[in-house]
Amino acid sequence: MHAADDDPNAYEVFVQIGGSGKPVQYVGSVRGADPVLAWHAAKEVFTRREDCTQLWVVPRAAVVRSDAEDELVLAKGSARRYRLPSYPSSRRRMRSRSEVA
Amino acid sequence: MTEQVEDRAQDPRLAVRYERWDEMSDEYRTAAAKVASFQALAELVGVLPFNEWMDRVPDYARKQMLVAKIQDEVGHGHVTARVAEDLGVTREEILEDFAAGKTKLLNIFHYGFATWEEIGPAALLMNSAAIVQFQSLDQGTYLPYTRALKKIEKEEGFHYHHALDLTHQIMQEGEAEQRAIVQDAFDTWFPRLLAYFGPPDSDRYHDNVGYKFGLKVDSNDDLRQRWIAKIVPVFRELGVHVSDDLASCDEESGEWSYVAVDWAASKKLIAEGGPKYQEWVDTVRGSLERNERYRKAALALAA
């Protein structure tokens, strides 16, 4: 057995729930002979409850996704303290304190 | 409860979780495919006893709700079959193996409903058990499956409230005869649902492949306890009598004791087929035959 990564009938499904200001999020996949049939399959399966404002299907083969080895690079964001608002704020507080002293 | 969450955070079985494309052992892939395909079949066959009642619903709003439930369940079959398909088990295989008598069906889906009044309490027991089961399984290690379960749970919540309302209506507005059917249905279905959670924990349940891989998160007995604690008060509130023989709670320990499950009979039922088993096999086979041409066209496999 192998993961059907090359399944030409697989489409990844994205929905926007909760209004037009919300992000369009990944929810799962469907199979279909063409994009329109896949879109209808996705509509039946994934838009049964909350109001949906966007429904996208994307051929699986078109998705460029990260691998396990990319994880370190992708997780670096929070390690760069100087990008976070608390970093300049703490510098400012320290400066104020030293001025008082 | 807090204790349990801490346990889970530290449980080595649940430390590594997998996406579809991650490296995994063949053993893990097979086990994950088995869990997903087993549920896909349960969803698709489990809807048939309800489907039978679609043309006999004695109320318009109730019919709308029943149709919605039936569509939901088929949708659950689709999302879990998708998970299995990506692991190498096609939905055709899932259905064809069942039609050929190769796969076993959960005990509760071997029966039908004799009356409209039976559906409410039976569905309430089934839905509450499924919710307890899914809320445990969704903590498991195969992420596409846990995501599918979270979608399913939202809809199961609706099925639960539909069944609760239906039972409530009969208990409040029904004739004595109808209330008696609800009571009978509870007494009949409660032990079936006890069996649904699977055999009692032996000292070797940790060796179970699904459990070892963290696909199955909690033990059968833990889930059974959790379900009884949730559902018995609900039925008492509805005015259904729950005899101490069927289930009773030890005030001090909070542990429930319950009627002994006839495991030999349950095993026999699953092996030989219950009252509706053959009918469901024929329904699935007939559907596969009738839809073959369209199925092939829809998947662009037609020659």
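Modeller: Angles under 35 degrees count as roughly parallel, over 145 as roughly antiparallel, 65 to 115 as roughly perpendicular, and the rest as oblique. This is a predicted model, where local features need pLDDT of at least 70, side-chain atom pairs need 80 or more, and totals for chains, interfaces and linings use all residues. Residues count from 1 along each chain as written, while chains are lettered from A and ligands numbered from 1 in written order.

Biologist: What makes α6(B) and α8(B) roughly parallel to each other?

Modeller: The angle. α6 (residues 116–137) and α8 (residues 176–196) of chain B pack at about 30 degrees. The directions run N to C, on a scale of 0 to 180 degrees, along lines fitted to C-alpha atoms over the stretch in contact. About 30 degrees is under the limit of 35; therefore α6(B) and α8(B) are roughly parallel. Their axes are 8 Å apart.

Biologist: Which residues of α6(B) meet α8(B)?

Modeller: From α6(B) come B:E117, B:E118, B:G120, B:P121, B:A122, B:L125, B:M126 and B:A129. Their partners in α8(B) include B:I181, B:F186, B:W189 and B:Y196. Contact here is C-beta to C-beta within 7 Å, with C-beta placed from the backbone. By class, this contact has 13 nonpolar, two polar and two charged residues. (Nonpolar is Ala, Val, Leu, Ile, Met, Phe, Trp, Tyr, Cys and Pro; charged is Asp, Glu, Lys and Arg; the others, Gly among them, are polar.)

Biologist: What makes B:L87 count as buried?

Modeller: Its neighbour count. B:L87 has 26 C-beta neighbours inside 10 Å. Buried needs 20 or more other C-beta atoms within 10 Å, exposed 12 or fewer, and partly exposed lies in between. So B:L87 counts as buried. It sits in the loop between α4 and α5 (91–99) of chain B. The C-alpha of B:S37, 50 residues away along the chain, is 9.7 Å from that of B:L87.

Biologist: Is B:D282 buried or exposed, and how do you know?

Modeller: B:D282 has 11 C-beta neighbours inside 10 Å, so it counts as exposed. Its place is in helix α12 (residues 277–290) of chain B. B:A31 is 251 residues away along the chain, and the two C-alpha atoms are separated by 28 Å.

Biologist: How many residues of chain B are in contact with chain A?

Modeller: 21 residues of chain B, and they touch 18 of chain A. α4 (60–86) and α7 (143–173) of chain B each give two or more. The largest share, seven residues, comes from α4(B). The chain B side has seven nonpolar, three polar and 11 charged residues.

Note on methods
Helices (H or I, at least four residues) and strands (E, at least two) are DSSP runs, numbered from the N terminus. Two residues are in contact if their C-beta atoms, placed from the backbone, lie within 7 Å.
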